[in-house]
Amino acid sequence: MNRSNTGVRWLVFTTTLLATLMIGHAEDRELVDRSRDNLKQIALAFNNYHDAHGHLPAFASFDDHGNPLLSWRVHLLPWLGIEGQELYRWFRLDEPWDSPHNKQLIGLMPKVYSVPLETPLADGHTCYVVPRSPLSLFPDDADNLTERVR
């Protein structure tokens, strides 16, 4: 198994394990099942992104001055079905997430990013995040990611 497959499989395994640990104790099985399904779809989107680009997405895209623009969640949209593909086309990729144009799209994010809770989070908020550290698949240095997982 090459290095990239190991990284992607580790991400999928970790995502599934964390989902089980975080929601496995919940009393409402429907919420548990929906969250697990969301995480599976997100993991599959990561895998498909990797297949298309040869690496995982960085935790964010950046402008020429190093300012973050859009998170990995936006860059996975094309791999989250028709709804995600259409929404991705609406984003202005050279503007930050909170630009006047992009901010209007936050409420349209696919349900897969919504954590099924009894008390929903506000639009634009999610519990689905990636760990960032120098040794993770999502280092703070976005250029380092491409070398880490190809």
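This section describes the fold, the nonpolar core, the aromatic pairs and the salt bridges of a predicted model.

The secondary structure of the protein chain consists of six helices and two strands. Read from the N terminus, these elements follow the order α-α-β-β-α-α-α-α. Of the 150 residues in the chain, 39% are buried. The accessible surface amounts to about 9,300 Å², and carbon and sulfur atoms account for 55% of this area. When contacts in the chain between residues at least 6 apart in sequence are considered, 52% of them join residues at least 24 apart.

The mean pLDDT of the protein chain is 77, and 67% of the residues reach a score of at least 70.

In soluble globular proteins, nonpolar side chains tend to be buried together. The largest nonpolar core of the present model comprises 23 residues. Within this core, the residues with the most contacts are Ile42, Phe46, Trp72, Leu76, Leu77, Phe91 and Tyr113. At least two core residues come from each of helix 2, strand 2 (68-71) and helix 3. Helix 2 makes the largest contribution to the core, with five residues.

Trp72, one of the core residues with the most contacts, touches several parts of the chain. With residues up to four places away in sequence left out, the contacts of Trp72 are Ile42, Phe46, Pro57, Ala58, Phe59, Ala60, Tyr113, Tyr128, Val129 and Val130. Trp72 also belongs to an aromatic cluster, together with Phe46 and Tyr113.

A pair of aromatic rings is described by the distance of the centres and the angle of the planes. The model contains four aromatic pairs. In one of them, the ring centres of Tyr49 and Trp79 lie 5.2 Å apart; the planes meet at 70°, so this pair is edge-to-face. The two residues are 30 positions apart and link distant parts of the chain: Tyr49 lies in helix 2 (residues 29-53), whereas Trp79 lies in the loop between helix 3 (72-76) and helix 4 (81-90). Tyr49 has a relative accessibility of 10% and is therefore buried, while Trp79, at 26%, is partly exposed. A further edge-to-face pair is formed by Phe59 and Phe62, with 5.6 Å between the centres and 80° between the planes. Phe59 is buried, its relative accessible area being 12%, and Phe62 is partly exposed, at 32%.

Apart from neighbours within four places in sequence, Asn38 is in contact with Lys111, Val112, Ser114, Pro116 and Tyr128. Pro116 can also be related to Asp33, another residue of helix 2. Asp33 and Pro116 are 83 residues apart in sequence, and their C-alpha atoms are 9.3 Å apart in space.

Side chains of opposite charge can pair when their charged atoms come close. Two salt bridges are found in the structure. In one, Asp33 pairs with Arg36, with 3.7 Å between the closest N and O atoms. Asp33 and Arg36 are separated by about one helical turn, because they stand three residues apart in helix 2. Asp33 has a relative accessible area of 37% and is partly exposed. The other salt bridge joins the side chains of Arg92 and Glu95, at an N to O distance of 3.5 Å. Arg92 is likewise partly exposed, with a relative accessible area of 41%.

Notes. Residues numbered from 1 in each chain as written. Heavy atoms only, no water. Phe/Tyr/Trp six-rings, centres within 6.5 Å; stacked < 30°, edge-to-face > 60°. Helix = DSSP H or I, 4+ residues; strand = E, 2+ residues; numbered from the N terminus. Buried < 20%, exposed > 50% of the residue type's maximum accessible area, 1.4 Å probe, protein only. Contact = heavy atoms within 4.5 Å. Areas by Shrake-Rupley, 256 points an atom, 1.4 Å probe, with all protein chains shown as cover. Core = buried A, V, L, I, M, F, W, Y, C linked by side-chain atoms within 4.5 Å. Salt bridge = Lys/Arg side-chain N within 4 Å of Asp/Glu carboxyl O. pLDDT = per-residue confidence, 0-100.
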